[in-house]
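Q: I have a structure open and I'd like to learn how to read it. Could you walk me through some side-chain pairs and then a sheet?

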Amino acid sequence: MNKCLRLILCIAFLFPLLTGCWDRQELNELGIMLGLGVDKDGDLIKVSAQVVVPNEVSSKAGGGKGTPVTQYQASAPTLFEAIQKLTETSPRRIFMAHIRVLVFGEEYARKEGIYDVMEALMREPTVRPDYYVMVARSTTASKVLDVLTPLENIPAEKLFNSLDVSSKTWSPTTTVTGDQLIEYMLTPGIQPVITGVEIIGNSENSGSKDNIATIKSPARLNSTGLSIFRKDKLIGWLTEDESKGYNYIRDNVVSTISHLPCRKGGNVTFKALRTKTERKAKVVDDQPVIHIKIKNVSSIGAVECGIKIGSMETLKELEKDSEERLIELMEQSVNSVRRKFHADIFGFGQEVYHADPKFFKKIENDWDKYFENLDVKYEANVQIKRVGTLDDSFKNDLKE
């Protein structure tokens, strides 16, 4: 009896461990999607899936004869119906766990809004929310995902890596992941902003190997500007300078390159080493006030005018001019957004909520009106720590 009881207990203990492969999926039965595009197709959603071709990316399989990715398309009333419908043309089930970029066509983002798609992807347990979201500017998402790129064989990887590097080294661009975008859409006091991508050049043969057969590709993908949303619909685009001001205010700038005109002609180039922005709000006599303070540590990258860069007086002048330029960028961005879009993309409403939750709750429905006349105070502190391996420029010493 004891032996039987022990055997039953052992089986009962081991039985749950035998279910580890119940939901297994064989790799050779899956189509791994790295790029997902969403466009408008009449009243339907058009889905474009950029799927890896295993034989072309595997060195052991002797790849290189065809393109490293292929694209499947399908249209349906809802996102997942369209994705499931891809199996009409795809010989493999589409696997969504490795999505790197989600691209919305500009027409879809303007007319339909992006919330339903974002909620569906967040609800799906196989989709990780760390993909980057982009908007195809003046084109469709399917065309963006149809461009083959050099250096990175897989275009979706190119888009992901290019935006990731650019956001850390170039101030007009920024990254937004799926979970961050949902947070921006649901949090009161801030509207979403997403980096755009455009196709430059001739896109006639962008999906063939001819596009990467020359030194300069006929069609290229380029991150360009920031798109502004109200709730979940696209309403416009920021210019390069306005994008810089936005990223400085939002503390998104890690490092960048910029220039200032010399007072006697020419330019001085700066490398931003560290940048930190603090935003604080106060409510004074039932009126919110925003204080923005930016600290910047830079080095001098190039001098195209004959100034004495080794002089402390000159460095102080450059620091002052740089501080004025930073404030100008931030003011220009805020004033332009107020005038053209009337949407708080800077999160000033969030700062007011953190400073005085009761006051913000009272004015939350009228926040756009408060944003129009919001008192914003700017302060910048720039320190030039390095001047490179040279002191004064020797431009004035050039021989006749």
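Q: Let's start with D164 and K168: what do their side chains form?

A: They meet in a salt bridge, 3.4 Å from N to O. Keep in mind that this is a predicted model. To call a salt bridge, you look for a side-chain nitrogen of Lys or Arg within 4 Å of a carboxyl oxygen of Asp or Glu.

Q: How many salt bridges does the structure hold?

A: There are 14. One of them joins K361 to E364, with the closest N and O atoms 3.9 Å apart. K361 is exposed at 53% relative accessible area, while E364 is partly exposed at 28%.

Q: Which residue does E112 form a salt bridge with?

A: Its partner is K40, and their closest N and O atoms are 2.6 Å apart. This pair links distant parts of the chain, 72 residues apart: E112 is in the loop between α4 (106–111) and α5 (115–123), and K40 is in strand β1 (residues 30–41). E112 has a relative accessible area of 39%, which makes it partly exposed. K40 is partly exposed too, at 24%.

Q: Which residues are linked in a network of salt bridges?

A: Look for D241, R325 and E328.

Q: On to sheets, then. What do strands of a sheet pair through?

A: Backbone hydrogen bonds, and the pairing can be parallel or antiparallel. Here, four strands make an open sheet, in the order β10-β11-β12-β13, with mixed pairing. β10 (256–261) and β13 (375–386) are at the edges with a single partner strand each, so one side of each has no neighbour in the sheet. On average, neighbouring strands of this sheet are turned by 40° against each other, ignoring direction.

Q: How many bridges join β11 to β12?

A: You'll find 16 between β11 (residues 267–284) and β12 (residues 287–303), and the two strands run antiparallel.

Q: Which helix lies across β10, β11, β12 and β13?

A: That's α10 (residues 312–340), and it runs at about 145° to β13.

Technical notes
Residues are numbered from 1 along each chain as its sequence is written. This is a predicted model: local features need pLDDT of at least 70, side-chain atom pairs count only at pLDDT 80 or more; totals for chains, interfaces and linings use all residues. Side-chain values use heavy atoms; hydrogens and water are left out. Buried means under 20% relative accessible area, exposed over 50%, partly exposed in between (1.4 Å probe, protein chains only). Two strands pair if DSSP finds at least two bridges between them. Axes are lines fitted to C-alpha atoms, for helices over the stretch in contact, and angles run from 0 to 180 degrees between N-to-C directions. Contact means heavy atoms within 4.5 Å.
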